[in-house]
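Morning, everyone. I have one structure to show you today. Let me put it on the screen.

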Amino acid sequence: MERVWWKEAVVYQIYPRSFQDSNGDGIGDIKGITSRMGYLKELGIDVIWLSPVYESPNDDNGYDISDYRAIMKEFGTMADFDEMLNAAHENGIRLVMDLVVNHTSDEHPWFVESRRSKDNPYRDYYIWRDPENGKEPNNWGSCFSGSAWQYDKNTEMYYLHLFSKKQPDLNWDNPRVREEVFDMMNWWLDKGVDGFRMDVISLISKNPEFPDGVPGINGYASFNEPANGPHVHEYLREMRKKVLDHADTLTVGECSGVTLEEAKKYAASDNSELNMVFQFEHMDVDADGDNKWTDKKMDLRDMKAVLTKWQKGLEGVAWNSLFWQNHDQPRCVSRYADDGTYRERSAKMLATCLHMMQGTPYIYQGEELGMTNVPFASIDDFRDLDSINAYHELVEEQSIFSEEEMLHYLRYKSRDNARTPFQWDDTENAGFTSGTPWIMVNPNYKEINAMEQLEREDSVFNYYKKLIRLRKENPVIVYGSYNLIFPESEEIFAYTRTLDREKLLVLCNYSDTEQHVERPELFAESRCMISNCDVQTQENTVILPPYAAVVYYIEE
Ligand code: GLC
Ligand code: CA
C-alpha cells in the first residue's frame, strides 16, 4: 500500500460561524480562527477543513455561494484569510477549503443572468425544464423539504435545486461551467490552499431523463435520487487533469448515496479522481428508512456490519475517511454513547473505536471536548433551515408529527446540535463572543470547556491528543489491515489491525454494563497502548467497565 501524508494525517473541521468571534458581533470569524491556531497545534492535528467562508447570503450558512473569490463580509476580508492561511502553515497545519459546486446561491451573478431569459448566455449554466402537465418536471425532493423544482414566472420554467430554492443546481454538462469551476479551484490553489472537501460531489451529474424516484414520507423522492450520475467520474477525472494534478492536495468528496462499488472509483488508489470519500451509510443505521426524524437508537451489530463492509471493501483499492460527526450531524456522544454519567469515558471510547480504524480520521470542532447535543426549548431556538423547514412541513402542513414529537426528534438529530458555539471557557457565552451569539450557547459550557480540559490530564481533549500522537508513532494504526471479531456481540465492537509483525487488538464497550471478553490467544503477552479507564484482565478474560475502550499492542 502506498504511503502518503494524507493517509497519515488527522483532519479537524472548523465551522467558522461557531468557532470564535473576534469583534463582538456574535458571529465567529476568520480572525477568531487565526487567534486559536495555538489550540489546534496543541491538539496535534495536521489539516484544517474549513467550512465555507465565501461571499454568501447565508440561506444555508455559506453553502450558498454568491462569489467564489471573495470572503463573506461577516467573516472578514481576503487579507484576514491570507493571514490565517499563513498562520496555519507556520504551525505546520495545512488548510483545505470547502468546495460547493453542485449549486451556487441564486444571488450569484451567473444565476441572476440565467433566470433573465431563455436565450441568456448563462441560461445553460443551470438546469431548467418545462412544466409537466402544469406541474414539476418530476417528483424529486429537496434535501430541505418540498419539491426540488422551483417555478420561475419570468420564463415559465422550473429550475432544479436539490437543496434550498436559493441553491440552484449548476449544469455540469455545460463545459463552460466546468471550466469556470476549474479556474476558480486553480485560483485558490495558487493562493496556497492545500486541497478541497467537495460538497455533495456525487450529485453533480444528473440523469438527462430525470426519472421519478420512490417517494418518502413527505411524498417526494430523496434528494439523493441523482447520486452517482452518468458522467460524474468523467468530470472528476477532468478535474484531476486540469486542476488537482498540478498541486499536492488532499481531496475528499462528500458522497451522499455512494455505494461501495462507486466509492472504489471516486477514491481509487491510482489517484485518477479523489483521495477519499465521505460515505454516509453508518449515519443511516439509526434512521427510519429514508426518514431521519426518529429517536431510534442504533443497533451496534448494524453499525459494525456497515463500517466493516467499508473497511474491508476499500482496503488496498481505495481509501476511507473516518468520522462520527460533522456540521450536518448531531453530537456523537449523545447519539451513539452516553452524554450523562459516562460522557467523558464514552466520548473517548467512540474516539478510540474510530481512530484505530484504517482511514483518515476527521474531528469536528468540539468533538475533542465531548460536546453534547443541546436542550433547545422551542422551534425559535433553531437556526438551521433544514430543521425549520422540516418542522413546518411535517408538523404544520402535513401533520405527520405533533409539535412535541418533532421537537423531540430535532433535539436528537438537528444539525444545530453541532452548530452551537465552541465552548472555550466558563466565562459568559463560553468565551465565544463578547456580544450576543447568533445561536444559543449550550448551557453545559461551565462544565464542558476547553480551558478546563487543557489543564486536566485525563480530559477528553488530552485523550484525543494522545490518539493523534499514537497514529504518528505507529504505522500499524494507519496502514494495518482490519478484521472484525465477535460480530454478533450487541455490546462490544472489537477488531484487530495487522501490519507485518505488528498487531493491535481494539476492544470497545458500547454498553453501560460491565462486559467480559475472551482475549484472543495471540494477544496474551500484549501491552496496553491506550485505554480510557482501568481495564483488568483475569487470565485471558478482559473485564471491560461500562463504555471502556482498550487497545492492546503486540509485535510477534
Ligand atoms: C452538504 C453540506 C450541508 C449543506 C448541503 C448543501 O451536505 O455539508 O451543510 O447544507 O451540502 O450545500
Ligand atoms: Ca465576528
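**The calcium site**

I27 is buried, with a relative accessible area of 9%. Buried means under 20% relative accessible area, exposed over 50%, and partly exposed in between, with a 1.4 Å probe and protein chains only. A word on the source: this is a predicted model, where local features need pLDDT of at least 70, side-chain atom pairs count only at pLDDT 80 or more, and totals for chains, interfaces and linings use all residues. Residues are numbered from 1 along each chain as its sequence is written, chains are lettered from A and ligands numbered from 1 in the order in which they are written, and side-chain values use heavy atoms, with hydrogens and water left out.

What coordinates the calcium ion (ligand 2)? D21 (OD), N23 (OD1), D25 (OD), I27 (O) and D29 (OD) do, at 2.2 to 2.4 Å. Donors are N, O and S atoms within 2.8 Å of the metal (3.2 Å for Na, K and Ca); water is not among the atoms, so sites may look incomplete. The spacing in sequence is D-x1-N-x1-D-x1-I-x1-D. N23 is exposed, at 53% relative accessible area.

Next, a glycine. G44 sits in the loop between α3 (37-43) and β2 (47-50). Helices (H or I, at least four residues) and strands (E, at least two) are DSSP runs, numbered from the N terminus. G44 is partly exposed, at 24%. Beyond its neighbours within four places in sequence, G44 is in contact (heavy atoms within 4.5 Å) with I468 and K472. Its C-alpha atom is 8.3 Å from that of V10, 34 residues apart along the chain.
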